[in-house]
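Welcome! Please take a look at it before reading on.

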Amino acid sequence: MPTITYVGRVVDSRKGLPVFLDAVELLLAADLRPFRVRIVGGSAQEAALVETMTSQSRRCANAIRNGRIEIWSRVERAALAELYSRSTVVCVPSLREQFGMVAVEAMMCGAPIVASRVGGLRDLVLHDLTGYLVDRANPVAMAAALAQFVRSPSLARWMGRNALIWSTTAFELTAVARRYIDLFEGLTHGAVPAAEPAAGPEAVRGHIADLSWPVVETLLGSRIVGRQDVSSSPTPSFIVTTETGKYFVKLHQRRPASLSCLAGRGMAARPVYEPAELVKLAKFVSRAAVAPKVIAADEERGVLVQEFLSEEPLLSEDDAESRLKQASDEIQALAAVPRPHAEQFLQALSRVADARTEEAAISLVDDAATSLNVSILGVQPPLRQCHPQIELLRISSYLRKNHWAVSPEVAVRLRSVVRFLLSARPLVYDCPRLQHGSMKREHLMRRADGTPAVCDLDHVALYVGPHDIAHWAHDEHARAEAPAPLRMLNKIHRLAHTEDDQFLGGLWLAILPISNILWRFARGDWEPRPWEMQFLMTFPEAFGKVFTPSKGTAVFRRPPADI
């Protein structure tokens, strides 16, 4: 059973225990599998007081009776290591904190952290890598971040491993003492102080790379003489120079998929990235002329070595758009959906309207999409967006069951946009096609011989509608000061080939930022962003100008009254 642990003084208001208890009450009402809470600290009398405080909530009182909330008084220091190591996540909800010894000790035992963004905790916890930092005194944000570890055991394992690497690299006593001695001796003798060791995410990636370099050298049959960290995602990525040339190296890890926050109970799609599957996918896609060639790989360890590609920073808008279409067409041409598989997928879509619940409808399509990906690509993908109207159902279900997990002003607007789009047209019965999945300008590259290529193909999968075109339109405008949904929709309308594709592309354009918003809130980032709010406010009007109302049934599956 997932275990959330609090360790610290329980009667010191600076430690934020009331914030933690409020977060626990929210979690007990959420759409989560059973979990355990341990509160450790204080004298026996103080622990009894905490139990009295906690029992004021009906849900918490029931959880105490059922053994799901355990309240312990102070334990021996020698027992803390086992306590931390048996925790799925450790929460540090401090209102003030100069350093944060609990966070360091827990990370050294392989436990990820959810902590307040205050004081020294901001430097100790690497947000998105060893845990999550949330706003001070915000129990809703804290609950949202903690919920991710209850939903996804793989998240705790992945972040726990990173936490162990980071904490022992940065805070292990011998290493810290050595750095102080070196600094003192250098200053005493007038030497220039040595460069500071890599810090934060770079240090974690560097450690993972150090463990993988012998594998890379064996695969290439050549010694590594230089490396450049070019990571732009949680996957460590390097340009490696060997005695024989330059290569691009990805070190895939088993970690949660980016949409795992939307994976409700009962949904069948796998919520994790498997290193071997990602390597197999890269090998499959490398058959496209535009994709980077795989030089060598170790599927078991997730090590992927590809040809080195150069960036294309100076493409004009027209040239970039032409390259987008070329790349998307070449990837799509890699594989077609065979007729029997197409019929199975369309049958699953036809059963959506009759499914008893949203979750059942979503699982029908998730299962059909997974079967398609396995049969065509030879890999089982993690939770993937496949059909935009089904993704709207997934978002609808999440908002209904986790209404507390998004700030009120954002939640109201999200529900309104989702209702509007769900009722725009009947369900589109169309087969998915192979697409890049993350098409944007920085992924347009060039080989040494000058031929065009694209990179970052980890999201290649089968999508219904022009996902690549929508992703391109979104990314081209996402960095602007203000969104321009009408211009974005008109671009999709111009580039898509059919009326259905134009409509589905418009839905994808809304789903991409909505998914980003939900994922950001799920990690405890509770600050509404002006670009996102303006997009949500103006998108329905722009959508109505570009797409005429359907003459068919207005709703393919009526949303529940409370969404």
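What follows is a short tour, from the whole chain to a few of its parts.

This is a predicted model, in which local features need pLDDT of at least 70 and side-chain atom pairs count only at pLDDT 80 or more, while totals for chains, interfaces and linings use all residues. Residues are numbered from 1 along each chain as its sequence is written, and side-chain values use heavy atoms, leaving out hydrogens and water.

**The whole chain**

- The protein chain holds 20 helices and 18 strands; these are DSSP runs numbered from the N terminus, with helices (H or I) of at least four residues and strands (E) of at least two.
- Its radius of gyration is 25 Å, close to the 24 Å that the globule rule gives for 563 residues, so the chain is as compact as a globular protein of that length. The radius is taken over C-alpha atoms, and the rule is 2.2 Å times the number of residues to the power 0.38.
- Along the principal axes, the C-alpha atoms of the chain fill a box of roughly 70 × 65 × 45 Å.

**Inside and contacts**

- Of the 563 residues, 57% count as buried, meaning under 20% relative accessible area with a 1.4 Å probe, protein chains only (exposed is over 50%, partly exposed in between).
- Among contacts (heavy atoms within 4.5 Å) between residues at least 6 apart in sequence, 71% join residues at least 24 apart.

**Strands and sheets**

- An open, antiparallel sheet has its three strands in the order β14-β16-β17; two strands pair if DSSP finds at least two bridges between them.
- β14 (310-311) and β17 (452-454) stand at the edges with a single partner strand each, so one side of each has no neighbour in the sheet.
- Two bridges link β14 to β16 (residues 444-446) in the antiparallel sense, and Ser310 stands opposite Arg446 in β16.
- Elsewhere, β2 (residues 36-40) and β3 run parallel, joined by four bridges, and Val37 has Ile69 in β3 as its bridge partner.
- Strand β3 (residues 69-72) has Ile69 and Ile71 on its covered face, and Glu70 and Trp72 on the uncovered one.

**An enclosed helix**

- Helix α11 (residues 275-285) is largely enclosed by the rest of the structure, because eight of its 11 residues are buried.
- Among the buried residues of α11 are Pro275, Leu278, Leu281 and Phe284.
- The cover over the buried residues of α11 includes β12 (294-298), β13 (303-307) and α14 (358-377).
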